[in-house]
Each structure stands twice: as structure tokens, then as C-alpha cells.
Amino acid sequence: MQAWQVHENGEPSEVMRLDEIDTPTPGDGQVLLKVRAANINFPDALLCRGHYQVRPPLPFTPGVEICGETEDGRRVIANPALPHGGFAEYAVADAAAVLPAPESLDDAEAAALHIGYQTGWFGLHRRAGLEAGETLLVHAAAGGVGSAAVQLGKAAGARVIGVVGGADKAAVARELGCDVVVDRRSEDVIGAVKEATGGRGADVIYDPVGGEAYDQSAKVVAFEGRIVVVGFASGRIPSPALNHALVKNYSILGLHWGLYNTKNPKLIMHCHEQLTELAARGAIKPLVSERVPLGGAAAAVQRVADGVTTGRVAVIPGLTEGGAA
């Protein structure tokens, strides 16, 4: 089968190589899945660079989120078990963690429902306790992780402020349903958020960016607000001033969604049921901005790594270069 392999760590476009390899053999408790669509996540770039918390042995196939097909024809979503990731014709996954793909979503949308939306649901509901009528601020609101949080926030009845970088991304954030959009490239984020909230600030802040975005969050979080730390796409891990959290009376909440797979896997299924219901009634729908054939995966992972994409980019092994499935 064809699979992208990383033989050494570095930038995705430089170290990912399309190889012909043997179809993987599932181990005990695992299943072989035909990949119907693989969604690109920022962790795929971190895996290539060797900067992710999980470091599979070289060579490995990246791709941490797929919609696949079981040997008996069931359509499912899964996180492949590395080193046999999703940027390939076949992947391996732990059988216990395989979830039914929602019928209301196509393959690319179903692949994109899992990590970003589960992270958003756990972050907003399990960790931050977002309530209807509260103000939610989402950094990188037009990206894959941010767009999920925007939709989930609107579905929960929150007023959503989206922070983006550039006019094109601002337009996407508005289409997603943001009540207020702040373009950090042309506006003062702190001033704009304070103006939009009458000086009160945001009740919940969802931050997959870190760095300067976190610094801004600390200045615009409301009394008894909650900052959910999701990731550090900016590359800089902030060092929060805990005296500031004390004086302003806000909470800093860490979220490592993957831990729930081992600490409380029943919650993963409960969340999936909630997401499936929301998708069925049209309250959420993953924004898939691009569908690329398997041969375009390395370049697409690099674009996600560089932060120039909106929504999700999906790799479709059955897609031809001309765009037909």
C-alpha cells in the first residue's frame, strides 16, 4: 500500500516521503481500517518535527484522525495507533476506541469531528462549564480547533468573539457564526474585546495558540472567568503570573483531551453521542476547507503547520489529482 513515512524529524514538507510499504497487521485488540479520509491536525506537524508528547519510532506514518472502513463495511472514526497513522491507504486503530461515523456527515467531515470537537466539548463544558448567555472568546477562530469551539459555543447559547489573523479568516469566522470578529493584524485585540464586552471581559477564553494570545487573554478575562489552555500553536509556551490570576479572580484550566482515553473513556463515548446529536440537527458541521489526494498530504501538512489554512484540510486516499473520487 501507499503511505507517507517520516524517516527523520524536521519540517513536514521536507521529511514526509510517500513510500510503498506492507499493509500493517493489527495487534491484539486492534483493527485494520481502510482510510476513507484523514484529517490534518497541528499535532501531525509536531510529530514530524519530533516535538509532540508522543514520539513513535522512525519511520512512522503520521495522521492522528481518520474516517475509516472496517473489514465488515462499517464506517467509523478513529485515532490511528502510531506508527501506523492515517496518511496511508490503511491504518490500524485500537478496537475499543473506534466510534461510529455520524450518518449526517460525509467522510471528510466525519474525520474532522473527532479531536477538534471532542477537545472543544471537553474544554467548554467539562472544564470551563460554559453557560448560555456567557461570552466566549476563541483565539484562531477560523482554524480547525477554533472553528469547532465557535460552533460549540454558539450551540451552547454563548455570545462568541473570534480572534483571527487576516481579512480572509475574518470572513470565515463570521460565516461560522461569531458575533464579534477581531482581526489581530489590523486591530488592537485587548481594546476591541474590552469594547465589545463593555469593559467586562470574556467569561471563557479558549486558547489553542499560547504566546501573545495568552498574554491578551489574561488582560481581557472577566471576573470569575476561565482561560482554557488547549495548545501552543504560536510556538511559545506562556508563563502565567499566578499573582495576576489571584488579583483578578480567574481560573487557568489545562486541557489534555487524550488523557480521557485512559482516565475516563466512557466520557469520550458520551461526548461523541452529544456531538452526533448536534451534527444531526445541524448545530455543528466541521468546516472542511480543502480535500486533497493522498499525494498532496505532505504539502497540506506543511500549510497547516504554517498557519495559512482555515477550518480543516482532509486527505482523501481515493481522490485523484483532478479532484474526482
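Biologist: What is the strand order in the open sheet, and how are the strands paired?
Modeller: In this predicted model, the open sheet has 6 strands in the order β10-β9-β8-β11-β12-β13, with parallel pairing.

Biologist: And which strands are at the edges?
Modeller: The edge strands are β10, residues 180-183, and β13, residues 251-254, each of which pairs on one side only. Averaged over the sheet and with direction ignored, neighbouring strands are turned by 20° against each other.

Biologist: Staying with β10, which of its residues are buried on each side?
Modeller: Both faces of β10 are covered, with V180 and V182 buried on one side and V181 and D183 buried on the other. In a regular strand the side chains alternate between the two faces of the sheet.

Biologist: How many bridges pair β9 with β10?
Modeller: β9 and β10 pair over 4 bridges in the parallel sense, and G162 stands opposite V181 of β10.

Biologist: What about β8 and β11, how many bridges there?
Modeller: Strand β8, residues 135-139, runs parallel to β11 and is joined to that strand by 3 bridges; L136 has V204 in β11 as its bridge partner.

Biologist: Which strands do α5 and α8 lie across?
Modeller: Helix α5, residues 144-155, lies across β8, β9 and β11 and runs at about 170° to β8. Helix α8, residues 212-220, lies across β8, β11, β12 and β13, and runs at about 155° to β12.

Biologist: Switching topic, at what angle do α4 and α11 cross?
Modeller: The axes of α4, residues 115-127, and α11, residues 265-280, come within 10 Å and cross at roughly 100°, so the two helices are roughly perpendicular to each other.

Biologist: Which residues meet there?
Modeller: From α4 they are Y117, Q118, W121, F122 and R126, and these meet L267, I268, H270, C271, H272, Q274 and L275 of α11. By class, this contact of α4 with α11 has 7 nonpolar, 4 polar and 1 charged residues.

Biologist: Last one: where is T197, and is it buried or exposed?
Modeller: T197 lies in the loop between α7, residues 189-196, and β11, residues 202-207, and T197 counts as buried because its relative accessibility is 14%, where the cut-off for buried is under 20%.

Biologist: What does T197 contact?
Modeller: Leaving aside neighbours within four places in sequence, T197 is in contact with T135, R159 and I161.

Methods: Residues are numbered from 1 along each chain as its sequence is written. This is a predicted model: local features need pLDDT of at least 70, side-chain atom pairs count only at pLDDT 80 or more; totals for chains, interfaces and linings use all residues. Side-chain values use heavy atoms; hydrogens and water are left out. Axes are lines fitted to C-alpha atoms, for helices over the stretch in contact, and angles run from 0 to 180 degrees between N-to-C directions. Angles under 35 degrees count as roughly parallel, over 145 as roughly antiparallel, 65 to 115 as roughly perpendicular and the rest as oblique. Contact means heavy atoms within 4.5 Å. Ala, Val, Leu, Ile, Met, Phe, Trp, Tyr, Cys and Pro count as nonpolar, Asp, Glu, Lys and Arg as charged, and the others, Gly among them, as polar. Buried means under 20% relative accessible area, exposed over 50%, partly exposed in between (1.4 Å probe, protein chains only). Two strands pair if DSSP finds at least two bridges between them.
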